Amino acid sequence: RWKKLTAPKELTEEHIQEEFVNHATKTLARSAFNMDDFAAYQASAYSVRDQLIDQWNSTQMYHTTVSPKRVYYLSLEFLIGRSMDNALLNLGIKDRYANAIDKLGFNMEDLVEQETDAALGNGGLGRLAACFMDSLATLDYPAWGYGIRYNYGIFEQSIVDGYQTEHPDYWLTFGNPWEIQRLDITYPVAFGGTVIRSKGASGGFVYTWEPTERVVAVAHDFPIPGFGTKSTINIRLWSSKPSNEFDFASFNAGEYEKSVKEQTDAENITSCLYPNDNHYIGKKLRLKQQYFFVCATLQDIIRRFKKTGEPWSEFPKHVAIQLNDTHPTIGIVELQRILIDEEGLDWDGAWKIVTKVYSYTNHTVLPEALEKWTVPLLKELLPRHMMIIFDINLFFLQSVERRYPGDREKLRRMSIIEEGVPQSVRMAYLAVVCCHTVNGVAELHSDLVQKQLFSEFVEYFGAGRFTNVTNGVTPRRWLHQANPRLSALITKTLKSQHWLKDLSELAKLKQFASDPEFQRKWMEIKASNKKRLAEHIAAHCNVYVNPDAIFDVQCKRIHEYKRQFMNILQVIHRYEELQKMTDEVLAKQVPRVVIFAGKSAPGYYIAKMVIKLINNAANVINYNLRTSKYLQLVFIPNYNVSLAEIIIPASDISQHISTAGTEASGTSNMKFVLNGGLIVGTVDGANIEIGEETGPENIFLFGVLTPEVEDIRHKQTYGTGIKVDPKLDSVVESIRDGTYGQPAIFEPLLHIDTMRKVDACFQNKAEWAKKSILAAASMGKFSSDRSINDYAKNIWHISPLPPPE
Ligand code: 26V
């Protein structure tokens with residue numbers, strides 16, 4: 001009845017079944033008597049992958065003939081999650097597959113559940129990269145993602161006696177149908193050694209790097225299909241292998257142990273994702289990962305450019321490279337090195353090219369998260385790069401000196417090299433000096449980036465170098481896939497699926513916000529999503545939650561600045577209030593289920609204690625027979641992309657309560673509202689822009705504004721007169737926990753007040769439904785399609801290139 005976006009016509013159910021059987025019998029060597037759900041998932045996956053490969057080939061062939069300017073998105077993290085359901089939906093073949101598979105005796109929903117997440121990321125930054133890939137493909141941009149194929153993604157979390165326990169995430173045990181190993185696409189990567197300076201033919205110096213360690217990078221391609229288009233782009237992830245030349249040398253010399261160690265050292269480079277989020281760690285292996293990945297990536301980009309036969313001056317017309325945080329920043333120096341040492345350009349010629357190619361996204365202003373590699377470590381691992389960084393810094397500081405003669409303090413402050421014992425390299429400053437554009441990820445954050453983090457650089461380079469691109473999320477995964485019933489209702493109501501390509505069309509739902517019939521359907525879908533989550537909770541937490549209660553969710557990485565601690569205080573306070581109530585008053589309370597989920601970095605003691613506290617509190621609260629009808633508390637283990645796809649569509653409210661000025665953007669906030677949940681949040685990150693879109697009546701914002709935080713912190717530390725409310729005192733007493741040193745100590749009170757407002761609102765069902773619909777209908781701005789169009793137009797200067805039909 002309504003327009004469905006096109007899918008290949010030739011792919012009939014019979015054809016799907018044929019392909020399924022073919023893969024089951026040939027690829028997997030299974031017989032009909034030996035097919036469990038997992039084998040059936042694999043057979044389906046391989047046949048879907050064939051579709052992807054066809055589309056991928058035609059997209060790439062077309063891009064090669066046109067040779068347009070491409071964007072390369074460099075990220076140490078891609079938090080993809082599962083691929084099968086996403087591919088089926090983006091290709092528009094899910095129904096056909098489900099029917100075909102059903103007739104073979106399998107259920108598509110069960111098969112989809114068999115897939116292990118690709119969890120190559122920590123949280124928001126990695127998931128953003130994955131959403132961006134979906135949008136780049138959907139919008140037909142010529143784009144590549146580049147990253148690392150970690151053997152182990154983010155650890156699996158289980159809860160033992162209330163404590164987080166980590167288990168390795170070996171996601172490749174049973175093979176991975178979503179990647180194509182390219183044993184023919186390999187590049188050498190070198191580390192260590194020394195640099196020899198000699199006189200070149202033209203009189204200048206020539207630098208020869210003689211490394212001591214060599215490994216090989218092997219490409220693994222992950223095709224990413226666009227939605228409602230034939231465009232299928234690629235994420236190329238590198239895996240490290242020992243280089244044959246080198247271990248043969250030791251092997252032949254009879255040094256077997258040395259040879260074996262060199263092999264394992266090489267393989268170790270891409271073994272593990274570092275599980276820290278918003279916290280810098282100065283580990284040598286992490287720096288090796290960074291260089292390994294950008295070195296292979298640049299060789300690949302340059303090989304592609306050289307096919308055009310054009311001179312180096314044309315490189316910026318074919319290449320835009322986006323740095324996802326400073327993690328790939330050493331790639332800037334690598335390109336400067338290649339151009340000078342290998343391609344024979346002079347410094348200025350190389351610099352002109354490098355600075356036209358790179359741009360950098362900052363994702364945090366937290367000082368503890370900013371990367372600073374020590375000079376000795378950089379010298380040891382990348383001696384030539386260290387020289388080039390010193391040169392970049394010298395030329396930069398010379399020009400600062402010309403502008404502000406004699407201001408040595410300024411030079412010290414702006415220097416890429418931080419003086420200290422030892423010296424270190426401020427990677428963010430390096431990126432700012434070398435990139436044509438630097439962006440933050442939400443309006444407030446970009447403002448802080450310009451006014452706090454890089455203020456002197458804004459003055460020096462001009463405001464034109466700095467901009468904002470507010471984050472977004474893909475509505476394909478975060479609504480269409482995660483919430484199929486809501487997606488179907490929207491499509492039916494708008495009489496077209498086109499909103500999935502232009503999310504601003506959701507605004508047309510506003511006219512139905514007060515329509516009782518639409519409200520009923522909308523809330524019925526929410527109720528069924530809550531039931532589904534309740535089943536998951538029963539299975540994994542052994543708690544039977546009341547599906548009619550408000551589902552109040554906070555799921556994200558556990559971090560002090562995100563203030564899960566403040567939230568649990570509020571819950572304990574509520575519990576204590578319930579204890580004091582008479583039966584009569586108790587019966588009038590709005591039932592609530594509080595749901596926490598999220599991982600702590602393994603070495604982050606305070607975050608781990610917060611998890612323990614939540615679990616201990618749950619053990620008391622859930623077993624109080626008198627009050628558990630009105631308050632339940634659960635911590636769902638192992639938060640990941642697949643779990644988010646279950647939790648997010650089921651929330652009534654979600655908590656985004658970071659101290660103002662600390663959460664750069666947040667992206668789950670957008671996903672929750674898109675699924676009809678309302679936000680309880682501070683005036684921080686993208687919450688602010690979400691509130692601008694929904695209007696203040698459809699979001700529960702509370703707390704102090706960013707500029708006030710410093711003031712409060714100061715008064716609290718040094719001043720007098722800030723009283724802690726006795727209500728809070730009792731909570732703090734009750735858990736007798738010494739960790740409570742939060743800056744805005746009175747904000748828990750505002751949070752408690754806000755939660756009371758939520759209760760009152762939730763009781764008016766029609767009003768609540770209206771808010772839920774209006775808020776979701778206001779989320780057009782937060783599609784990652786909008787973010788990507790912003791980047792393409794304002795930063796990358798690239799255009800869509802839809803493959804011909
Ligand atoms: C990450 C890592 C990962 C591994 C080891 C060391 C290390 C050091 C620093 C970081 C910083 C990551 C910054 C980050 O994740 N920022 C988040 O980015 C999201 C997407 O823009 C945004 O929504 C979140 O608010 C922001 O915290």
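Begin by selecting Y72, L430 and I595, which touch the most other members of the largest nonpolar core, a set of 190 residues; such a core is made of buried Ala, Val, Leu, Ile, Met, Phe, Trp, Tyr and Cys residues joined through C-beta atoms within 7 Å, and buried means that 20 or more other C-beta atoms lie within 10 Å of a residue's own, with C-beta atoms placed from the backbone. Domain 2 (69–78 + 117–471 + 792–796) and domain 3 (475–782) both contribute residues to this core, so it lies between them; the domain bounds come from an automatic or database domain assignment. Apart from this core lies another one, of 24 residues, including F20, M35, Y41 and L111.

Please keep in mind that this is a predicted model, in which local features need pLDDT of at least 70 and side-chain atom pairs count only at pLDDT 80 or more, while totals for chains, interfaces and linings use all residues. Residues are numbered from 1 along each chain as its sequence is written.

Stay with Y72 and show its contacts, that is, residues whose C-beta atoms, placed from the backbone, lie within 7 Å. Leaving aside neighbours within four places in sequence, Y72 is in contact with W144, Y146, I301, V319, A320 and I321.

Next, select the ligand and the 24 residues that surround it, of which G124, L125, H363, A664 and S665 are the closest; a residue belongs here if its C-beta atom, placed from the backbone, lies within 6 Å of the molecule. Helix 6 (residues 124–138) gives the largest share of this shell, three residues, where helices are DSSP runs of H or I with at least four residues and strands are runs of E with at least two, numbered from the N terminus. Because domain 2 and domain 3 both give residues to the shell, the ligand shell lies between them.

Finally, select strand 10 (residues 213–225), which pairs with strand 7 (residues 180–191) in the antiparallel sense over nine bridges; strands count as paired if DSSP finds at least two bridges between them. Eleven bridges join strand 10 to strand 11 (residues 232–242), also antiparallel. At V215 in strand 10, V189 stands opposite, and the bridge partner in strand 11 is P242.

Key:
Buried ≥ 20, exposed ≤ 12 C-beta atoms within 10 Å, placed from the backbone. Contact = placed C-beta atoms within 7 Å.
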